[in-house]
Amino acid sequence: MTATTLQAEKVAQRHHVRRISDKTIQTAFILPTMVLLILWNIFPLFYSLYLSFTEYSVIAGAPPKWIGFENYRNILSSPLIWKYFALTGRFALLSVGLQTIIGFAMAMIVRAKFRGSGFITTLILIPMMLSPVVVGKFWAMIYNPTFGPLNYLLGMPPPRGPDWLANPQFALWAVVLVDVWMWSPFVMLLCLSGLKAIPEYLYEAAAIDRASAWFQFWRITLPQVAPLLMIAILFRTIEAFKQFDVVMGLTGGGPGDATELVAVNLYRIAFLGRFDTGIASAFAYIVLIIIISISNLYIRYLNQLRGEA
Amino acid sequence: MATIELRQVEKKFGQLHAVKPMDLTIHSGEFVVLLGPSGCGKTTTLRMISGLEAVTGGHIYLDGRDVTWLHPSERDIAFVFQFFALYPHMTVLDNIRFPLQAQRVPRDEAEKRVSEIVKMLQIEHLLHLRPGSLSGGDRQRVALARALVRRPAAFLMDEPLGALDADLRESMRAEIKRLHIANNATTVYVTHDQLEAMALGDRIVVMSAAEIQQVGNPAEVYYKPANLFVARFIGSPGMNLISGRYADGVVYLPGDNRYTVPESWRAPLAQALKDGEVIIGFRPESARITEDGALAARVYASDMHGAFNMIHLALGEESNIVNVRVDRWITYALDTPVRFDIDPEGVRFFDPRSEKALRRGGAQ
Ligand SMILES: Nc1ncnc2c1ncn2[C@@H]1O[C@H](COP(=O)(O)OP(=O)(O)OP(=O)(O)O)[C@@H](O)[C@H]1O
Ligand SMILES: [Mg+2]
């Protein structure tokens, strides 16, 4: 080895010692986030999984007692909870279905550039920017049978109009209506960006191919928007299963249990009465598994659409 | 098959004329090429015929029927777009049968037609792929198939080979020509490639600056350009053009050259030219370098073209260059003085004021 290479090696070594390696820098940046994630997300996730196998109440002062699958067995064999699941499914179907139709229709209308279409689009988006609790309280006033404007508008001034939120027949629909009012704009927004991305030449080609407007809609517009529409539906379905704040603002799950969606019921079990933390954890895990499986179905379908496109 | 007539058809975008009032008749079964530089209004003309663009004046007739204000779908015309415009979310098969389904052609009839076309264009193996995974040439075939399967009254093609590379262009060109001969369908074809225009067109419509410059078969636009624009634009290189002064049967050219005008041209020249200013034009292959040629020049440059050589000659000053085509084994050193003759059948004359070609009595 010559003198010069020796020297070069020494220099290199010195550099090695003094410089922080890329790896260290990476770790330094990631570490704080990791710590926070572990403390706030990962730990509670596993702790609640553990709690779901125990008998435990946060206010009882007794330590969690391991009972295996007892909580899960109880929940899955409770007819009431099955009823709430069915109710939530119905709510999701109605509300996501209506949001999809209305949101898509609004997107089709706003898509045409006319005077003030930008302003109108912004206006339409306002509901989804509001706090859900505020929206719930606000609509509760609108529905109010004595001073709410809805019955007046429907030509049924008090005392003739129905009390929408107190009527078990109408209450779920009242919640659906508010959810649709609030979230159709979200579907519209996604559809609109999908629609705007469809190149004009496809419609020119279709016109040349003598396709009617209807045929163009089914064969070009809809399939082109489908991937984004599916994403909107996926998001809204997940949200529907978690629907809580609007219901709390409107009905609190009533009248009776006419609007007792699973998230509302979960809240009742976890934070009211006996504070059944163990059962609530198990319940939350069941909801989580349902949401994940529904999402999976959607995503599989979405990928299929994408693969075709 | 249909006749297409344009009567004073024009298109303005705001104040700008994309197409100035234009008259053109395309006969049934004819292959007409719209040729011109970028921005001259070729696409706009084609889109007006198809109905994708509304005219701002004039009338369009299809087989005598006024279709000026009919929607594209009511005109029975197929359009092949420059970038194919295939439906990206459908398979090749669905793309091709889309126009048939749109018109509710019965299922077995549709299947029969699709399989005929697919066989003709040799794309059977692509039917279940999506356009995104096809090569340019295959996309073009699919676009052609989608147009052909309809059996429309006329085909409009907007630079259908523009997006392909040179090799493929040539073979697809032959394919389009073959399809036209097989189907004998009225076709209007847009291109800015003159070789393509020459190879394909029964007639060529040369356009420039939103106007028709000349309509004629390939030989006519090549040998008998109607004006200086066509003379320069057609051919590569274009026609040789030298300014001179005409008097008593002789054109005085730069470099003290005197060109004796053929007998048949003398009367029209004397009649048309007020002050004797004239531009003389001839194609590179209409000149011959000979020892006793009438015109003197010197070799300015020469390039090999494979099948032939092109000798650039300077007449007097270096701004007066003419190109002469010679056999490929003939070469000259630079600055060699040479003499050449112009074939009397190949010579043309232009009025520098109007830029129009002068005509011999009658046919030209
Ligand atoms: N939608 C439009 N709005 C305004 N001007 C336009 C529009 N379409 C075309 N033009 C103008 O009209 C003129 C003719 O355009 P056109 O597309 O017909 O030319 P072209 O001959 O097809 O050219 P190219 O070879 O580049 O395709 C151009 O100057 C172009 O800028
Ligand atoms: Mg064009």
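Predicted model: local features only at pLDDT ≥ 70, side-chain atom pairs only at ≥ 80, totals over all residues.

**Entry 1: the ligand**

The list for ligand 1 reads Phe13(B), Ala18(B), Ser38(B), Gly39(B), Cys40(B), Gly41(B), Lys42(B), Thr43(B), Thr44(B) and Glu159(B). I sorted that shell by type and got 3 nonpolar, 5 polar and 2 charged residues. Helix 1 of chain B, residues 42-50, gives the largest share of the shell, 3 residues.

An oxygen atom of ligand 1 sits 2.8 Å from a side-chain N or O atom of Lys42(B). For Glu159(B), an oxygen of ligand 1 is 3.4 Å from an N or O atom in the side chain. Then I checked how much of ligand 1 is covered: taken alone it exposes 630 Å², and the protein buries 59% of that.

**Entry 2: a buried strand**

Is strand 3 of chain B enclosed or open? I counted 5 of its 5 residues (31-35) as buried, so strand 3 is largely enclosed by the rest of the structure. In a regular strand, side chains alternate between the two faces of the sheet. I therefore checked both faces of strand 3, and both are covered. On one side are Phe31(B), Val33(B) and Leu35(B), on the other Val32(B) and Leu34(B), all buried.

Which strands pair with strand 3 of chain B? Strand 8 of chain B runs parallel to strand 3, joined by 5 bridges. Strand 9 of chain B, residues 203-208, also pairs with strand 3 in the parallel sense, over 4 bridges. I noted one residue pair for each: Phe31(B) stands opposite Thr187(B) in strand 8, and Leu34(B) has Val205(B) in strand 9 as its bridge partner.

**Entry 3: an antiparallel sheet**

Reminder from class: strands of a sheet pair through backbone hydrogen bonds, either parallel or antiparallel. Chain B has an open sheet of 5 strands in the order 15-19-16-17-18, with antiparallel pairing. Why do strands 15 and 18 of chain B each have one side without a neighbour in the sheet? Strand 15 (287-289) and strand 18 (321-327) stand at the edges with a single partner strand each, so one side of each is left without a neighbour there. Neighbouring strands in this sheet are turned by 45° against each other on average, direction ignored.

I zoomed in on strand 15 and strand 19 (residues 337-342) of chain B, which pair over 3 bridges. There, Ile289(B) is partnered with Phe340(B) of strand 19.

**Entry 4: strands 1, 4 and 5**

Strand 1 (residues 4-13) and strand 4 (residues 57-62) of chain B run antiparallel, with 5 bridges between them. One pair I could pick out is Glu10(B) opposite Gly57(B). Strand 4 also pairs with strand 5 (residues 65-66) of chain B, antiparallel over 2 bridges. Leu62(B) and Arg65(B) are bridge partners there. The hairpin of strands 4 and 5 has 2 residues between the strands, and Asp63(B) has a positive phi near 50° in it.

Most residues other than glycine have a negative phi, and most peptide bonds are trans. I went looking for exceptions.

- Asn184(B) has a positive phi near 50°. Asn184(B) lies in the loop between helix 5 and strand 8 of chain B, and is partly exposed at 43% relative accessible area.
- Glu355(B) has a positive phi near 65°. Glu355(B) is in the segment after strand 20 of chain B, and is partly exposed at 39%.
- The peptide bond from Ser236(B) to Pro237(B) is cis, with omega near 0°. Pro237(B) is in the loop between helix 8 and strand 11 of chain B.

**Entry 5: one loop residue**

Last, I looked up Asn227(B), in the loop between helix 7 and helix 8 of chain B. Buried or exposed, I wondered about Asn227(B)? Its relative accessible area is 9%, so Asn227(B) counts as buried; the cut-off for that is under 20%. A polar atom of the Asn227(B) side chain lies 3.2 Å from the backbone nitrogen of Phe229(B).

Conventions:
Residues numbered from 1 in each chain as written. Chains lettered and ligands numbered in written order. Heavy atoms only, no water. Near = heavy atom within 4 Å. Polar contact = N/O pair within 3.5 Å; in protein donor to acceptor, adjacent residues only side chain to side chain. Areas by Shrake-Rupley, 256 points an atom, 1.4 Å probe, with all protein chains shown as cover. Nonpolar A, V, L, I, M, F, W, Y, C, P; charged D, E, K, R; others polar. Pairing = 2+ DSSP bridges. Axes fitted to C-alpha atoms, helices over the stretch in contact; angles between N-to-C directions. Buried < 20%, exposed > 50% of the residue type's maximum accessible area, 1.4 Å probe, protein only.
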